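Thanks for coming. Please look at the structure on the screen, and I will walk through a few parts of it.

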Amino acid sequence: MSRVPPPLALMAELTHRCPLQCPYCSNPLEMLKAGQERDTAFWFGLIDEAAALGVLQIHFSGGEPTLRADLPRLIAHASMAGLYANLITSAVLLDEAKLRALADAGLGHVQISLQGADPENADRIGNYKGGHNKKLAIARLVPELGMSHTINAVVHRQNLHELPEMIDLALSLGADRLEIAHVQYHGWALRNRAALMPTRAQFEAANTLVEARRAELGARMRIDYVVPDYYADVPKTCMGGWGQKLLNVAPDGRVLPCHAAETIPGLVFDRVGEQPLREIWENGAAFETFRGTAWMQEPCASCALKEQDWGGCRCQALAITGDAAATDPVCALSPRHAEMNAMAAMEAEAGVQNFIYRRI
Ligand code: SF4
Ligand code: FES
């Protein structure tokens, strides 16, 4: 028996192409072009390997996964292999016939991202005219076609004033779940941090609102809430722990422990097809580097919580401290914690409005 339990879920990043240009996109700054994407046979093979490894869920993501004409076939293949299929989409390229084809192929769950509640501001954030209303039209169809439905509301300084309306909107769309996620500062979001960082007052108002609406709505709509790291004191268990629950496959077939792992210098990523997926997961160098606790420095190394949060986020530790093995500075015990809080307040107050839009 392997010492490494199988991953629960696999994120299949089918493409980096996307019609939207959100300034907080988690894709890397150097995105892959269409010619570097893997073909249908590749993804079929990966799905088979993932099912054999014990993966239970597959998230079809991107970029915008509906740009791939083979998406219904990939969903059907995953469903036949016994994987629960989730689609993470902007929804702007879908229509009723396309959505129905995905439902017929076995899609179980759809996650649609909203940029806000005000159409004009939402379209400005995604830099895609008319996108917001297209999303709403598709989101309304998801429950009608029998699929579970999450609305993702990514929040930041330039849309937090719309949070009450965003919650009402998700309710009116029949969402089972609303995920309100403050921007995580990796990839494009790190580049746009000064334009996105909420003020402390916004952060506190959002916390109060979410708590009140959760209590009021109960089981009618579950609200999950991802707090903004820069104002938190307790780090997130990023990815459920490095190499413990999740893996990412990039459009070119490289297997990554997290979507931002490419930012960490020196990590080498194996490719599906060149090594068995099981071997990559259990023994791949990139997965082994930060798996478990042996790599930890103080204060993590002697902390009672080290097997709960696994030291937080490696990519964030790198972005703030320059050392991917450092304690995530979100943690109040990190020597860099106060510096991170101060940086957040300074950027939020500076009032930068313009976005650098994500472009291939
Ligand atoms: Fe987690 Fe490390 Fe902070 Fe302990 S010191 S709470 S293990 S990040
Ligand atoms: Fe890479 Fe958190 S995003 S470990």
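Helices and strands here are DSSP runs, numbered from the N terminus: helices are H or I with at least four residues, and strands are E with at least two. This is a predicted model, in which local features need pLDDT of at least 70, side-chain atom pairs count only at pLDDT 80 or more, and totals for chains, interfaces and linings use all residues. Residues are numbered from 1 along each chain as its sequence is written, while chains are lettered from A and ligands numbered from 1 in the order in which they are written.

I start with a loop. Ala91 sits between strand S3 (84–89) and helix H3 (96–105). Its phi is positive, about 75°, although Ala91 is not a glycine. Is Ala91 buried or exposed? Ala91 counts as buried because it has 24 C-beta neighbours inside 10 Å. The cut-offs are these: 20 or more other C-beta atoms within 10 Å of a residue's own make it buried, 12 or fewer make it exposed, and anything in between is partly exposed, with C-beta atoms placed from the backbone.

Met239 has 25 C-beta neighbours inside 10 Å, so it counts as buried.

Next, helix H1. It covers residues 40–53, which is 14 residues, and reaches 20 Å from its first C-alpha to its last, close to the 20 Å expected at 1.5 Å a residue. The expected span is 1.5 Å times one less than the number of residues. Which residues of H1 are buried? They are Trp43, Leu46, Ile47 and Ala50. Seen down the axis of H1, these buried residues fall within an arc of 100°, so they line one face of the helix. The arc is that of the directions from the helix axis to the C-beta atoms. Their cover includes strand S1 (9–13), strand S2 (57–61) and helix H2 (71–80). Just after H1, Gly54 has a positive phi of about 110°.

Now the loop between S2 and H2. Gly63 is in this loop, and the peptide bond from Gly62 to Gly63 is cis, with omega near 10°. Glu64 is found in the loop between S2 and H2 too. Glu64 counts as buried because it has 21 C-beta neighbours inside 10 Å. Leaving aside neighbours within four places in sequence, the contacts of Glu64 include Arg17, Cys18, Pro19 and Thr89; contact means that the two C-beta atoms, placed from the backbone, lie within 7 Å. Glu64 and Cys18 are 46 residues apart in sequence, yet 4.8 Å apart in space, C-alpha to C-alpha.

There is another cis peptide bond to point out, from Glu298 to Pro299, with omega near 5°. Pro299 lies in the loop between helix H11 (285–289) and helix H12 (314–321).

Last, ligand 1. How many residues surround ligand 1? There are 13, and the closest are Cys300, Cys303, Leu305, Lys306 and Cys331. A residue is near a molecule if its C-beta atom, placed from the backbone, lies within 6 Å of it. The shell divides into seven nonpolar, three polar and three charged residues. Here Ala, Val, Leu, Ile, Met, Phe, Trp, Tyr, Cys and Pro count as nonpolar, Asp, Glu, Lys and Arg as charged, and the others, Gly among them, as polar.
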